[in-house]
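Please view the sequence and the model first.

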Amino acid sequence: MSLLQWIDLPVRGDHRGSLVAVEAGDTVPFEIRRVYYVFDTQPGVARGFHAHRQLQQVAVCVSGKCRMVVDDGRHREDAWLDSPARGLVIDAMVWHEMHEFSADCVLLVLASAHYDEADYIRNYESFLAAARVNCQ
Ligand code: TYD
């Protein structure tokens, strides 16, 4: 089964342009407790390189594009986030990395909890060990 879980975000367009509305419990399968966005990423910079123990997230490129790598400790996949009409679910215990940001990339992330550094696993070996325990 693919690790790439997409959420379609219907575009409510009219002659003036486009609009996307995101609602917790409807389009997004968790209560949204935090929204953050990454922009102005400098050339050649990659971000992420961590997993979360509990946090669930949905990432949407509302402008430009970047390449998201997701890894559950057994499989690694990647995909371009390049549409404001499609979000990628990043579940708990999924290692993720963002690469190849375009200069105009604005990556919006909807998250299920407030920022908590204790929820991060930032070391890949520690992530693999924790993912193995989770599978048992
Ligand atoms: P980090 O999660 O390490 O960024 P990335 O994984 O995209 O490379 O966060 C970068 C910094 O911003 C770090 O010092 C923590 C801080 N931060 C917050 O204060 N609140 C937040 O919601 C997020 C996501 C990060």
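Is Arg-76 buried, partly exposed or exposed? Arg-76 counts as partly exposed, with a relative accessibility of 44%; buried means under 20% relative accessible area, exposed over 50%, and partly exposed in between, with a 1.4 Å probe and protein chains only.

The model is predicted: local features need pLDDT of at least 70, side-chain atom pairs count only at pLDDT 80 or more, and totals for chains, interfaces and linings use all residues. Residues are numbered from 1 along each chain as its sequence is written, and side-chain values use heavy atoms, with hydrogens and water left out.

**Salt bridges**

The search of the whole structure gives 6 salt bridges, each defined as a side-chain nitrogen of Lys or Arg within 4 Å of a carboxyl oxygen of Asp or Glu. Three of these pairs are listed below.

| Pair | Closest N and O atoms |
|---|---|
| Glu-100 and Arg-67 | 2.6 Å |
| Glu-97 and Arg-76 | 3.4 Å |
| Arg-122 and Glu-117 | 2.8 Å |

Glu-100 and Arg-67 form a salt bridge, and this pair links distant parts of the chain, 33 residues apart: Glu-100 is in the loop between S8 and strand S9 (106-111), and Arg-67 is in strand S5 (residues 66-71). Strands here are DSSP runs of E with at least two residues, and helices are runs of H or I with at least four; both are numbered from the N terminus. Glu-100 is partly exposed at 46% relative accessibility, whereas Arg-67 is buried at 18%. Arg-67 and Glu-100 also belong to a network of salt bridges that includes Asp-78.

Glu-97 forms a salt bridge with Arg-76. Glu-97 lies in strand S8 and Arg-76 in strand S6 (residues 76-81), so the pair ties together parts that are 21 residues apart in sequence. Glu-97 is buried, at 8% relative accessibility. The side chain of Glu-97 also makes a polar contact of 2.9 Å with the side chain of His-99. A polar contact is a pair of N or O atoms within 3.5 Å; within protein, one must be able to donate a hydrogen and the other to accept it, and residues adjacent in sequence count only if both atoms are side-chain atoms. His-99 is found in strand S8 (residues 95-99) and is buried, with a relative accessible area of 18%.

In the pair of Arg-122 and Glu-117, both residues are partly exposed: Arg-122 has a relative accessible area of 44% and Glu-117 has 36%.

**Ligand shell**

Which residues surround the ligand? They are Arg-34, Tyr-36, Arg-47, Gly-48, His-50, Tyr-115, Tyr-120 and Arg-122, where a residue is counted if one of its heavy atoms lies within 4 Å of the molecule. The shell divides into 3 nonpolar, 2 polar and 3 charged residues. In this division Ala, Val, Leu, Ile, Met, Phe, Trp, Tyr, Cys and Pro count as nonpolar, Asp, Glu, Lys and Arg as charged, and the others, Gly among them, as polar.

A polar side-chain atom of Arg-34 lies 2.4 Å from an oxygen atom of the ligand. For His-50, an N or O atom in the side chain is 3.2 Å from a ligand oxygen, and for Arg-122 the corresponding distance is 3.1 Å. The protein covers 60% of the 540 Å² of accessible area that the ligand has on its own. Accessible areas come from the Shrake-Rupley method with a 1.4 Å probe, and for residues only the protein chains shown count as cover. S2 and strand S3 (47-52) are the elements that give two or more residues to the shell; S3 provides the largest share, 3 residues.

**Backbone**

Most residues other than glycine have a negative phi. Asp-40, not a glycine, has a positive phi of about 60°. Asp-40 lies in the loop between S2 and S3 and is exposed, at 55% relative accessibility. Phe-49 also has a positive phi of about 60° and is not a glycine. Phe-49 lies in strand S3 and is partly exposed at 33%.

**Surface patch**

Val-11, Val-20 and Val-22 make a nonpolar surface patch of about 190 Å². Patches are made of residues with over 30% relative accessible area and no salt bridge; like charges are joined within 9 Å, and nonpolar side chains (Val, Leu, Ile, Met, Phe, Trp, Tyr) within 5 Å. Val-11 lies in the loop between strand S1 (5-8) and strand S2 (34-39) and is partly exposed, with a relative accessible area of 45%.
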